[in-house]
Amino acid sequence: MTQQTMLTILILMPIFCGILCYLIREKTFRSLIILFNALLLIIASVFLLKNGGFEFTPSESWNKAITICDFAILLYFLFIGLRTGHVAIIVLSLLQIGPLAYFEYTQGHSLSVTPSIMIDQTAIIMCLIISIVGSLTAIYAVQYMKDHEEHLKLSKSRQPVFFFFFILFLGAMNGLVFSNNLLWLYFFWEVTTLCCYQLIRHDLNTESKANAIRALWMNLVGGVGFIFAIIFLFNIDPNLLSVKEIIKNPSGAAILIPLSLLCLAGFTKSAQVPFQNWLLGAMVAPTPVSALLHSSTMVKAGVYLILRFAPAFQGTALSKMVMLVGAFSFVVTAIIALTQDNAKRLLAYSTIGNLGLIIMCAGINTPLSITAALILLVFHAISKGLLFMCVGTIETFIHSREIERMAELITRLPLLTNITVIGIFTMFLAPFGLLVGKWAATEGLMSVKSTSAFIAVIMLVLGSAATTVFWTKYLGRLINKPIAPKESAPTPLAFLYKFPLISLVILAISLSVLVIPFYNAIIIPAVKQLNYDLILTAGSASLFTEFGSFATWPLFILFGFALVLPLLLLKAPKESVVPVYMCGENAPGDDCAFCTMADKNEPLQTGGLYFMDIICESTMEKVCTSIGVFILVALFWIILR
């Protein structure tokens with residue numbers, strides 16, 4: 001497979017298949033196109049991993065085509081602003097159209113950035129996430145959207161539009177991570193904003209339209225930062241429109257202003273505080289959209305941008321501020337997540353927190369923390385894609401996202417519940433991959449001696465404690481088994497649900513078990529190419545730093561014992577089972593009720609604690625947003641002074 005063929009499959013083919021999905025109204029053919037696109041994307045991404053990165057510059061006509069498409073998208077955003085009367089969208093669109101037009105008229109038309117495409121190991125890791133996790137999400141969406149539209153009883157299907165933007169998203173993301181020319185990167189950046197807007201508003205109800213508008217204007221803030229960063233960089237040195245040049249030859253303090261603007265763009269895309277509301281509002285979209293946004297596309301673009309430029313701001317004040325933004329986002333969203341009884345919102349807060357953790361690692365900016373960030377990036381994508389699909393599938397059966405209504409689900413949907421339980425395990429339990437990443441992040445913080453690092457450590461500890469509580473609470477509700485279960489046959493899962501779910505389970509467990517070979521083959525080359533020295537070393541069964549080690553195989557053995565022991569207890573002889581103790585006298589003849597002080601029988605009820613009388617979500621949101629704005633203002637004040 002030649003370089004041009006790989007680029008055609010990974011970037012252009014999703015666009016072509018998306019157009020076909022829009023034009024072809026027959027569902028079976030459309031499904032086959034989606035499956036064909038997914039298969040080729042996965043094959044091409046694995047082929048890319050096997051053959052390694054390369055650089056490529058297509059003909060000059062591509063620059064002109066991208067410039068034209070850039071203006072078309074920005075004018076469409078302006079049209080949306082005018083049609084809806086949304087002042088912020090109008091202003092933010094004009095703030096991009098005007099400077100971009102001036103830049104193209106005065107300088108851009110004569111610019112030639114080479115190479116236009118730069119594929120290194122970091123880009124390959126992102127491509128694998130986009131092409132494998134994103135494609136499995138697209139396969140899942142085929143069945144989900146069928147069930148979704150049947151539930152809504154739509155007279156006319158909107159699936160052609162849905163799958164056009166869904167698949168286009170994958171191609172745009174691959175284009176984004178492959179771009180070396182900043183103008184190209186900016187174009188694909190805005191395409192992802194367009195796809196996100198269209199997918200959030202898919203159901204066209206009042207709530208989805210309003211939330212899509214919110215997502216649009218917040219992401220346009222990042223777009224404005226991006227275009228001004230391009231102009232700044234060009235004025236410092238025209239060569240700095242190349243990502244490669246920025247990383248290799250950062251121009252000292254002068255470059256910090258444009259890098260701050262790029263970080264601002266990254267914060268908006270990855271929904272870091274104070275921009276978290278757009279991602280929470282995006283939960284109104286069909287669940288495959290949530291799975292796509294949270295695992296392999298939109299939010300990962302923001303994290304990727306900050307990670308990509310981290311070598312250029314290493315050891316500066318900007319690095320410390322990035323660390324604080326990430327750490328703050330991690331801790332506050334973990335605390336707010338304690339109050340969530342809606343599974344999708346719980347997952348959304350968890351995503352923002354985990355992205356905050358990755359951004360915190362980019363801000364710590366040591367070899368160890370960058371290693372941690374890359375590990376977290378991969379495992380978070382797999383686990384979060386899996387969990388969103390699980391919640392979406394559960395919702396199609398019980399028509400609810402409420403965690404309390406998922407009690408006793410294990411008797412009705414045993415396969416799906418067990419997959420969800422595994423997904424939760426991979427989010428916070430040892431020795432699964434995400435915990436390896438968190439361990440490396442903690443070790444990375446230990447290597448930094450500063451006040452800001454000490455504050456970040458406190459935030460990390462608090463956030464991790466809250467994370468453990470909300471995942472354990474959710475887990476407990478899922479495996480809650482009735483004392484007297486109703487006799488009913490388990491509900492079977494459709495193949496197009498089972499295939500992506502089981503594939504992601506296999507991927508999550510395999511990579512966790514094989515984390516050391518994975519680290520050696522995938523992560524180490526990326527860390528080296530980002531010009532960091534290797535500090536995390538791998539033995540035969542453990543990972544080592546100068547502060548400690550993380551044993552993988554021994555922990556898996558202990559984890560196996562932890563799973564087997566409760567199962568042995570369940571196999572206890574029947575005569576050893578005793579009535580449930582309910583802190584009082586059991587009701588005569590009823591093991592599921594107890595006697596009150598008024599001699600009345602009360603049925604046993606169990607449920608989770610959501611701390612809503614202690615933590616007010618709306619108040620916390622306002623306070624966090626205010627603090628987030630303050631941190632951003634402080635960031636630019638420190639850089640500009």
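Biologist: Buried, exposed or partly exposed: which is asparagine 586?

Modeller: This is a predicted model, where local features need pLDDT of at least 70, side-chain atom pairs count only at pLDDT 80 or more, and totals for chains, interfaces and linings use all residues. Residues are numbered from 1 along each chain as its sequence is written, and side-chain values use heavy atoms, with hydrogens and water left out. Buried means under 20% relative accessible area, exposed means over 50%, and partly exposed is in between (1.4 Å probe, protein chains only). The relative accessibility of asparagine 586 is 21%, so this residue counts as partly exposed.

Biologist: Which residues is asparagine 586 in contact with, leaving aside its neighbours within four places in sequence?

Modeller: Asparagine 586 is in the loop between α23 and β6 (593–595); helices (H or I, at least four residues) and strands (E, at least two) are DSSP runs, numbered from the N terminus. Contact means heavy atoms within 4.5 Å. Beyond its sequence neighbours within four places, asparagine 586 is in contact with Pro579, Val580, Ala593, Phe594 and Cys595.

Biologist: How many Å separate the C-alpha atoms of asparagine 586 and threonine 351?

Modeller: Along the sequence, asparagine 586 and threonine 351 are 235 residues apart. In space, their C-alpha to C-alpha distance is 43 Å.

Biologist: Which elements of the protein chain have the lowest and the highest mean pLDDT?

Modeller: pLDDT is the predictor's confidence in each residue, from 0 to 100. For the protein chain the mean is 90, and 97% of the residues reach 70 or more. Where pLDDT is low, the predicted coordinates should not be read in detail. Among the elements, the lowest mean, 78, belongs to helix α23 (residues 553–570), and the highest, 97, to helix α7 (residues 182–200).

Biologist: Why is the pair of tyrosine 140 and tyrosine 144 called stacked?

Modeller: Rings of Phe, Tyr and Trp (its six-membered ring) pair if their centres lie within 6.5 Å; planes under 30 degrees apart count as stacked, over 60 as edge-to-face and the rest as tilted. By this rule there are 19 aromatic pairs. The pair of tyrosine 140 and tyrosine 144 is stacked because the ring centres are 5.9 Å apart and the planes are at 25 degrees.

Biologist: About how many helical turns separate tyrosine 140 and tyrosine 144?

Modeller: Tyrosine 140 is buried at a relative accessible area of 0%, and tyrosine 144 is buried at 4%. Both are in helix α5 (residues 121–152), 4 residues apart, so their separation is about one helical turn.

Biologist: What kind of aromatic pair do phenylalanine 162 and phenylalanine 163 form?

Modeller: Phenylalanine 162 is buried, with a relative accessible area of 1%, and phenylalanine 163 is buried at 1%. Their rings are 5.1 Å apart centre to centre, with 90 degrees between the planes, and the pair is edge-to-face.

Biologist: Over which ring does the charged end of lysine 269 sit?

Modeller: A charge sits over a ring if NZ of Lys or CZ of Arg is within 6 Å of the ring centre and within 35 degrees of the ring normal. The charged end of arginine 25 sits in this way over tyrosine 22, 5.1 Å from the ring centre. For lysine 269, at 4.7 Å from the centre, the ring is that of tryptophan 189.

Biologist: Which side chain has a polar contact of 2.9 Å with the side chain of threonine 426?

Modeller: Threonine 426 is in helix α18 (residues 414–428) and is buried, with a relative accessible area of 2%. A polar contact is a pair of N or O atoms within 3.5 Å; within protein, one must be able to donate a hydrogen and the other to accept it, and residues adjacent in sequence count only if both atoms are side-chain atoms. The side chain of threonine 426 reaches the backbone oxygen of glycine 423 at 2.6 Å. At 2.9 Å, the side-chain partner is serine 383.

Biologist: Which elements do the buried residues of α2 pack against?

Modeller: Helix α2 covers residues 27–51, and its buried residues include Arg30, Asn37 and Leu48. At the start of α2, a side-chain oxygen of glutamate 26 reaches to within 2.9 Å of the backbone nitrogen of threonine 28. The buried residues of α2 pack against α1 (3–23), β1 (54–56), β2 (117–119), α5 and α6 (159–178).

Notes: The expected span of a helix is 1.5 Å times one less than its number of residues.
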